[in-house]
Structures are given as structure tokens and as C-alpha cells.
Amino acid sequence: MGKYDEYVNPLTERYASVEMRRLFSPQKKFETWRRLWVALAEAERELGLPITKKQIAELKKYEREINFEAAEKREREVRHDVMAHVYAYGLQAKSAAGIIHLGATSAYVGDNTDILVMREALALVRGKLAYLLLALSEFAMGTRRIPTLGFTHFQPAQLVTVGKRASLWLQDFYLDYTAITALEKNLPLLGVKGTTGTQASFMELFEEDGAKVDRLEALVAEKLGLSRDAVIGLSGQTYTRKLDFSVLSALSGLAQSASKMATDIRLLQSLKEIEEPFERQQIGSSAMPYKRNPMRSERVCSLSRYLIGLPAVCAATEAAQWFERTLDDSACRRIVIPEAFLAADAITDILRNIAGGLVVNEQVIRAHVEEELPFMATENILMEAVKKGGDRQKLHEALRKHSLAAAAEVKQYGRPNDLLERIAADMAFGLSEKEIRGLTDPALYVGRSADQVAAFVRKKIHPITRRLDEARKGAELKV
């Protein structure tokens, strides 16, 4: 397709799906332009302009047969992509050549196409996010009762559960899902606004009949499969570029959630507690054969870092628009909008693969819990000893000294944490080793983790994923 191949960064192109690449392909772009020209001509005919059924039929006949070479040749002459494609379309639909683009400006096809494609792309991302929510919710539910060390400042903190931590990832993606769903439903078309947004050209066509111009805009929206009010109320020549910023901000939000989850997995894999999928023949390092690098999670972080930065381009573009329009928005929008969606698409696909194959090393997790749990259990031990008649202040001081001594042994000599043994040997506490062990069950220190996960999945995630789960189970039964 020569110069009509849209710019695509090799990184996002490599990992993005065929479906998303198709949405930002030259074929999709220019067939949508023609779809818009057909809708405009049909609406103008219905409102009384001298356009024939034959002309409409000929336009529809060639709606998807883009003659790229003719358009490219014409653009070299006129240096205007829209007029080049109007000309090329007219070469095919000869009887309709004179009424293509009637009353419209370039933004009619350019901006309306961008909105239509972004709505489809948002729907694709939303669908993939739903499957990610399903995979993550299943993982969270399956691991919601496995105690694990919590971390604040990446220092051991109060226990949580594996599933509770995963539910934090899940909630972030749920918020992204709701934001993307709202945009998909409400992103407005430019409609038919003319060169400066006043609809003056259409008022001329319809002899100053404003009601007919309103009807024209509503008809075009309906013919594109949208409601008649799915059109922005005011514009210059283009729709406000704040819409682009809103869309890329939602995708950036998805990237933020993705990077958070992938970073957590990278850290957990370093601790050998949780690992991302790793194939039998996969090589982790060219020099160190034993390595199991979290390459998928690292790729997610890399793509996310790129995507997170893209909304700044749209913010600067909106801020720099002069009056009713300038053209300094065009080149950067042709890059950042497709790139953002291609990156988001790749990220969701990789994350779904990770979420569906996470490996939980429960013995390692348990060992790490047992290293720190004696310190966390001291409050319960203190309360139990006081119930048996001990002096709280003296016991508190004894616990402090025992804790410091046990910690020093661990740090200096790498010995196991023997705090519980020290407490059991101290007659001041009046507790047997069995009683002390009874106070160190990890399940006592995870709070409402399991219930919180179950409640969130039931209330927020199941309404989204129920049909996906049923469809998947149905497919499994058929097999």
C-alpha cells in the first residue's frame, strides 16, 4: 500500500493482535471515509437534495474497494489526502463523482473516522479486559486463604493473603474497565459541522433551514449505527482534542495498573514466591542457564512505560489549538492514537497469559511467613500472658529484648528465628511452647482478607464475567 501504510512502532506491532492492527490499517481508515460519504449522501438525498438512488448504489458498490494507487498518484499532485480520495472514489463511482463530500470539510471524514475507530478499539480493549478480570478473579478466589507476608516500603508487614494481594490488581483493572466502557459508549462523533463548526455550508445547501441541518446530522449518526444524539454539541473545524486526551488517559490508566501488577510479580518472582509462566524449552539467559527471568512481566512494564507517557502529547495538542483549528495536531495524532491502542492491546494479551499461568510456591511463602511471624505474634502473646496474671510492662520489656536478640542472631549468623523458643523458655510469660504455637497460626493474622476478596469478586467482577465464564464452560462441555 506504499505511503498509505500507517506509521506503526515495531515494538507494539510485534505484540499487538491482528484485530487491533486491522482497526488502524489503511484499509479500515479509507473504507470508513467512504462509509461516511455514503451516509452523508443518503441523508442529503432523504432531505431533498438532488442525489439519485443510482448514485448511492454506485457509492456503496465501491465502498470497500479502495483504489490506493489512484489516490496516491492524485495526492502527489494535489498534496491533500482527502481530496485525493474523493477523486479516486469518483473514478470508480463515476455517476456519483460530483456529489461525494457535498458540503463537508476534511474533518468530516477525518475526525468522524477517528471517533468510530476509537470506539471499536475501546470495545476490543474492553473485551480483553473482561477476560483478564475473569482470569485474575479466579486466581484471587483460589488463593484468597493462603497467608503471605504483606510488604510496606518492601519491608515485611502484617500478613495478607495471596488472593487479597491479587485482588488489589483486580480492583485496578475493574476501575480501568469501567472508565473504558464509559468512553466507548459516550465518545461523540464530530457530526456535520463544516469548516469552522458553524454548519454554514449545510445551511446553504438546505436554504437556511436549520431544522433540516439538525436532521441531517441525526440521520448521519443513525446511518453509522449510533443514536442521533451521539454527536458533540459544539466544535470548531475539528472536535475538541480533549477527547483524545480522555481516551489516552484511560489507556494510560490501564498501563498504570498493568505495570503495578507486573512489577509486583517481578518482585515476587525474585523472592521465589510466585512465578509467571515459563515453558519447558524457554531460555532465561544466554550466559546463565539456571535463570528464570520474568520476561513477560518485564515486557508489560516496558510497554506500559511507553503508553503512560503518550497522553502528554494529546494534552499539549489540545493546549496548542488556535481558534477553530490548526494542522499541527495531525501528524502527532496519527502516531500516538494508534500506538496507544496497539500498546494497550499487547499489554492486555500478555497479562491474560500471565494471569492464567501464575505459579504459587506455597512452601516458599510459608517459610517466609514463619521467618517473620514470631515478631508479629508478640502482641497476641503479650495479651495471653497478661490474662494469666503477668505484668504487662515487664512482659513488654522482655519481648523487646527477646525480639532484638533473635533478630541479631538472624542477621549476624543467618540462623532461624528462635524468638518463640526464647519466649517459651522465659518463665515470666507462663506459656508453654504448645500454647505459644497456638498463637502463631498465620490464619489468625490475615484479618478479613478472604472475605474481602469474595465480596469484591461477587459484587463487582461476576456481573462482568458471568457470561464469559458460562460461554467458556459451554465450549468445554462441547469438546
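Author: A salt bridge here is a side-chain nitrogen of Lys or Arg within 4 Å of a carboxyl oxygen of Asp or Glu. The model is predicted, so local features need pLDDT of at least 70 and side-chain atom pairs count only at pLDDT 80 or more, while totals for chains, interfaces and linings use all residues. Residues are numbered from 1 along each chain as its sequence is written, and side-chain values use heavy atoms, with hydrogens and water left out.

Reader: Why is the contact between R64 and E31 called a salt bridge?

Author: The N to O distance between the side chains of R64 and E31 is 3.5 Å. The rule asks for within 4 Å, so the pair qualifies.

Reader: What parts does the pair of R64 and E31 tie together?

Author: R64 lies in the loop between α4 (53-61) and α5 (68-78), and E31 in helix α3, so the parts tied together are 33 residues apart in sequence. Helices (H or I, at least four residues) and strands (E, at least two) are DSSP runs, numbered from the N terminus.

Reader: How do you know whether R64 and E31 are buried or exposed?

Author: Buried means under 20% relative accessible area, exposed over 50%, and partly exposed in between (1.4 Å probe, protein chains only). R64 has 59%, so R64 counts as exposed. E31 has 14% and is therefore buried.

Reader: What makes K28 and E120 a salt bridge?

Author: Their closest N and O atoms are 2.7 Å apart, so the pair meets the 4 Å rule. K28 lies in helix α3 (residues 26-46) and E120 in helix α7 (residues 106-142), so parts 92 residues apart in sequence are tied together. K28, at a relative accessible area of 9%, is buried, whereas E120, at 31%, is partly exposed.

Reader: Why does the pair of K388 and E435 count as a salt bridge?

Author: The closest N and O atoms of K388 and E435 are 2.5 Å apart, so this pair also falls within the limit. K388 lies in the loop between α16 (378-387) and α17 (392-413), and E435 in helix α19 (residues 433-438), so the pair ties together parts 47 residues apart in sequence. K388 has 45% relative accessibility and counts as partly exposed; E435 has 34% and counts as partly exposed.

Reader: Which residues are joined into one network?

Author: Salt bridges that share partners join E42, E46, K60 and K223.

Reader: How many salt bridges are there by this rule?

Author: The count comes to 27 salt bridges.
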